[in-house]
Each structure stands twice: as structure tokens, then as C-alpha cells.
Amino acid sequence: MINLNPGERIDDLQRNGYSLIQNSKQFCFGVDAVLLSSFAEVKDGDRVCDLCTGNGVIPILLEAKTNGREFVGVEIQESVADMGKRSVLLNKLENKVSINQGDIKEAPQVYGRASFDVVTCNPPYMDDNHGLKNPDMPKAIARHEIYCNLRDVISVATALLKPQGRFYMIHRPHRLVDIIALMREYKLEPKRLRLIYPYVDKEPTMVLIEGVRGGNTWLKCEPPLVIYEEKNVYTKEVKEVYGKE
């Protein structure tokens with residue numbers, strides 16, 4: 001029996017019968033986490049680390065979708081990480097998934113340098129120059145670069161990855177120049193890029209990017225992904241990502 005704290009609920013992930021503990025006042029995953037888990041390529045036997053994992057949705061989804069060997073999530077907020085830990089127990093995934101409270105900047109020392117095949121991250125998008133901070137601190141930490149910034153994420157990812165290891169991130173298009181510049185600086189060669197549009201006639205609001213540690217120079221721009229056909233109606237591709245078709 002998994003205990004729930006006030007304000008928490010259990011949501012169906014619609015994958016392998018898995019569920020996830022969430023709290024709308026602290027952290028709930030969005031479409032960005034689902035899209036990142038679909039974009040990331042995890043091969044059989046891979047060891048995966050998810051930075052800024054929140055309540056552990058990405059490691060749990062990746063375990064459901066792939067044959068990776070081990071999935072580790074790192075989250076700085078204790079109460080949010082605790083939801084992830086209990087979700088792991090709820091789904092009986094203790095042998096493959098672990099959600100740990102800690103600062104991602106310490107991850108290379110905790111887990112070992114060059115120890116993962118794949119690193120994923122759905123980081124805080126906003127720096128100090130963009131967006132109003134949410135007065136609720138858990139949400140502000142998830143959305144703004146309070147405890148870690150883009151340089152931290154990319155430098156830590158490089159440190160954690162084995163040579164030729166793969167890094168996957170979702171972010172905002174207005175940070176794309178910074179993302180590519182920092183990836184190059186830390187020897188993570190951008191290999192795949194995909195822009196995400198809310199509607200076909202709107203500007204992109206998210207970008208998915210893959211980098212390879214020590215990879216050769218060649219960037220593939222994939223076809224755009226459109227989320228909605230019309231209000232509250234997902235496109236066929238997004239329905240497939242959610243496992244609804």
C-alpha cells in the first residue's frame with residue numbers, strides 16, 4: 001500500500017499498466033516529458049540517467065518503452081523526488097528504476113564519470129531574463145534556472161556519458177543558439193533536432209535535440225511535430241506517442 005500525501009493523486013500513464021503519483025501544487029508532468037521520452041533512443045542494455053527528473057516520469061516511461069538495463073533519475077527537490085520514489089514502488093520497478101534526491105551538479109561524483117550510455121533532461125527553461133517566477137517555489141524551481149542552468153545541464157551530461165554516449169533534451173527555441181554553442185563547447189556534437197509546434201500555423205514552442213559525446217559533425221533536422229489538429233484534439237502522431245492509437 002502506497003501512502004499519498006495531501007494534494008497528491010495517482011494518474012494512469014497508459015503504458016504497461018503503470019501509474020504516477022502527482023501533486024498539482026508541486027509538480028505535474030506535461031507533454032514535453034512525453035515527447036522527450038519518445039525522442040530519446042535507448043538501446044538494449046543501456047544505462048540511462050535523467051537529470052531534473054521531477055517525479056520520475058521520464059525514467060518510468062523509458063522503462064516501459066525500451067529494454068534499457070537501468071534508469072536513474074536525479075531531482076533536487078526532496079518532496080518531488082519522494083513522489084518519484086513512491087511511484088517506483090507503486091509500479092514494482094525497484095530492480096530497474098531509482099529516483100534520487102540530489103543536486104545534478106554532484107551527479108558525476110555520485111554515479112561516476114563516463115558511466116551512462118544515455119542522459120536525458122527536461123530542464124528549467126527560463127533564465128533570469130525570461131518569464132515571471134511562479135510564487136510557488138516547487139513550480140518556480142521546475143521552470144526557472146534557480147538551482148541549475150543550461151551550462152550545468154550540458155556539462156554534467158558530458159561528464160556522465162561514455163564516449164559516443166547520447167544526450168537528449170527538450171527546451172525552448174529561443175535558447176537554441178545557446179544550446180548548440182554549449183553542446184559544442186562541452187564536446188556534445190548536435191546530431192538530431194526537431195521543432196515542436198502547438199498548431200501548424202503557429203511558431204514553434206519547443207525543440208528536441210540529440211547530442212553525441214565526441215560525435216562527428218552532422219546535424220539532421222527532422223520533420224516538424226505538430227501537437228494539435230484543433231483545440232484539445234491531438235494530431236495522429238501525438239496520439240501515437242501517448243499510446244492512444
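In this predicted model, the largest nonpolar core has 36 residues, of which Leu35, Ile60, Ile170 and Ile196 touch the most other members. A nonpolar core is a set of buried Ala, Val, Leu, Ile, Met, Phe, Trp, Tyr and Cys residues joined through side-chain atoms within 4.5 Å, where buried means under 20% relative accessible area with a 1.4 Å probe and protein chains only. Helix H2 (57-65) is among the elements that give two or more residues to this core, and H2 supplies its largest share, 6 residues. Helices (H or I, at least four residues) and strands (E, at least two) are DSSP runs, numbered from the N terminus. Beyond residues up to four places away in sequence, Leu35 touches Ile170, Ile196, Met206, Leu208, Leu225, Ile227 and Val241, contact meaning heavy atoms within 4.5 Å. A second, separate core of 29 residues includes Leu51, Val72, Val153 and Leu160.

Helices H6 (residues 150-160) and H7 (residues 176-185) pack at about 35 degrees with axes 10 Å apart; axes are lines fitted to C-alpha atoms over the stretch in contact, and angles run from 0 to 180 degrees between N-to-C directions. H6 contributes Leu150, Arg151 and Ile154 to the contact, and H7 contributes Asp178, Ile179, Leu182, Met183 and Glu185.

Glu8 lies in strand S1 (residues 8-12) and counts as buried because its relative accessibility is 12%. The Glu8 side chain reaches the backbone nitrogen of Asn5 at 2.8 Å.

Residues are numbered from 1 along each chain as its sequence is written. Local features need pLDDT of at least 70, side-chain atom pairs count only at pLDDT 80 or more, totals for chains, interfaces and linings use all residues, and side-chain values use heavy atoms, without hydrogens and water.

How values were computed:
Buried < 20%, exposed > 50% of the residue type's maximum accessible area, 1.4 Å probe, protein only. Polar contact = N/O pair within 3.5 Å; in protein donor to acceptor, adjacent residues only side chain to side chain.
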